[in-house]
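Please keep the sequence and the structure in view while reading.

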Amino acid sequence: MLFRPKTKVCLVLLQVMEIIEQIREIFPALHQQIWGKPLIYLDNAATTQKPREVLELQVRMSSLTNANIHRALHKLSADATDLYEAGREAVRIFLEAESREEIIFTSGATAALNLIASSLVRSHMTPRDKVLICEAEHHSNIVPWQLACETFGRSVEVLPVEENGEISLERLSELLEADDRIRILAVSHISNVLGIINPVAEIVRIAHSKGVLVVIDGAQGVVHDKVSVKEMNCDFYVFSGHKIYAPTGIGVLYGKRSLLESMPPYMGGGDMVDRVSFSGTTYAPLPLKFEAGTPNFVAAACLKPALEFATAVREDVQVQEHERKIVVTMVEELQRIKGLKICGLPQDLSLKTPIFSMSIEGVHPSDIAQMLDKMGIAVRSGLMCAEPIVSRFSDQGLLRVSFAPYNTIFECETFISKLKLVTNMLK
Amino acid sequence: MIEIDQIRSIGEIEGEIVSEFSLFDEWLDKYEYLIELGKELESINESDKTDDNLIRGCQSRVWLVCRNDGGRLWFGADSDAVITKGIISLLLKVYNGQKYDDIIASDFSFIEKIGLRENLSPTRANGLLSMIKQIKAYALAYKEKEAQQ
């Protein structure tokens, strides 16, 4: 009897390891050597690797089903269009959006945010109005607003985060209460620096109670949390394909239908029009109104297998357990390293995703990243395209490691031990 | 300060560094040496760490100052990253006190010979290439200035 609980724990552990190994199997990029060492890829918040099914569809479509979509009557074009639209339907299901008209394909989250900012600031704001931007945003959710506000003579306000990286709902309420000129709130579901799941549904509720529209950058959110735009009730939600197992060059803009319909097009060109003449042009209905030019239809189609994979791993209890174990191990081990500060540590650890930004006293993050690279460990250093929040923690930038479900506990422990070794050398 | 008649040619110093680095079998030893050089490198004056002297395009901050002493250039540089400082130390060893024409003619190939270029390519944003460009830019600027006089 004494052995049984232990055996059970071992069994569960073995099962988890087996599942992670099975996941690793379908990612060719993971099975390579870097500088003669097995690759440990811990830069997933920037780009994830692609599973075989995605890669195969990418090759198959590029080599066989290669014809411009929505344009021609021939079979290849129709097949490519079907695959493209199947990608859209997969996104709709994934986000729990009401209709396909609410899913716009862009080249990435950045392009989606530029589209929203430009179109929304122009059409839904008067000169006295303001955009409230969270301090912890990626440059892609800051600069498009600055550009649009500059062009149309509007202004930008900042919603600061707390010392530990969390958004204070009280502070948000106070800010909105104090300034009735705020019309739009731009905030991420999960910051790419802090890795904390923000209470987006609550944020939306508070903002809506003041008549403020909410734009959510979900680039990290789609990877680490379940997203239902229906439940969240946000007005806009965007993400990129390359951060969620799909190819580069595809992004998604979800917008509430009534809003998208009331917004002017962002780019003009082929396929976004109804009729064109020099006396005036009318536009195509949603979603094509916002999809000018030939889209990356191959990458869009690849979103289907990518999102299906993402859903499968997210819903797997053992993968969830594995992710929790990585988070707990990382927090415990990192806190033991002298002079190391984790940037973004929520009071409730269940809100922490496996994205860890850190500073280490007396050591430059770029030195650490360079040495870890020589050990086959890919990490990120610098400003992470989020200078405002990073510079709050350090003027040298930060070191960031971000995990995917295919990263093992062994890789996590290897990173920790190599980090200690390198830090000691550099100090 | 080194006496001018003690300054050896760029090629000679480069050769010395290349043979020094050839002693390292392991990349880790190479980096350990660079870190050591970085830690030993004399800091420049805080007052010289200005935006004007900052080299753009580096993830770590690098400041470079240059002084012309009768046609020979003397550099001072600093960084907040220690490996970068190690590389700076090598560059200063080679180029300090050299004539600007020699610096302009130099191809900086010793970086490749000691196996640093592969790790420190321009895409790595570590500023090695920017540093080299800036050293050459100083040499060219002083040459032009003299030609105008």
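**Sheet and helices in a predicted model**

In chain B of this model, which is predicted, three strands make up an open sheet whose order is β1-β2-β3, and their pairing is antiparallel. Because β1 (62-69) and β3 (98-99) of chain B stand at the edges and have a single partner strand each, one side of each is left without a neighbour in the sheet.

**The sheet of chain B**

- Strand β2 (residues 72-79) of chain B pairs with β1(B) in the antiparallel sense, and this pairing extends over eight bridges.
- Within this part of the sheet, B:Val62 has B:Ser79 of β2(B) standing opposite.
- Helix α3 (residues 82-95) of chain B lies across β1, β2 and β3 of chain B, and the helix runs at about 175° to β2(B).

**Two helices of chain A**

- Helix α2 (residues 52-63) of chain A and helix α11 (residues 297-315) of chain A have axes that come within 9 Å and cross at roughly 150°.
- Angles over 145 degrees count as roughly antiparallel, and α2(A) and α11(A) are therefore roughly antiparallel to each other.
- Where α2(A) and α11(A) cross, the crossing is right-handed.
- On the side of α2(A), the residues that meet α11(A) are A:Glu53, A:Val54, A:Leu57, A:Gln58, A:Met61 and A:Ser62, while their counterparts in α11(A) are A:Val298, A:Ala301, A:Cys302, A:Pro305 and A:Ala306.

Note on methods. Residues are numbered from 1 along each chain as its sequence is written. Chains are lettered from A and ligands numbered from 1 in the order in which they are written. This is a predicted model: local features need pLDDT of at least 70, side-chain atom pairs count only at pLDDT 80 or more; totals for chains, interfaces and linings use all residues. Axes are lines fitted to C-alpha atoms, for helices over the stretch in contact, and angles run from 0 to 180 degrees between N-to-C directions. Helices (H or I, at least four residues) and strands (E, at least two) are DSSP runs, numbered from the N terminus. Angles under 35 degrees count as roughly parallel, over 145 as roughly antiparallel, 65 to 115 as roughly perpendicular and the rest as oblique. A crossing is left-handed if the near helix is turned anticlockwise from the far one by less than a right angle, and right-handed if clockwise. Two residues are in contact if their C-beta atoms, placed from the backbone, lie within 7 Å. Two strands pair if DSSP finds at least two bridges between them.
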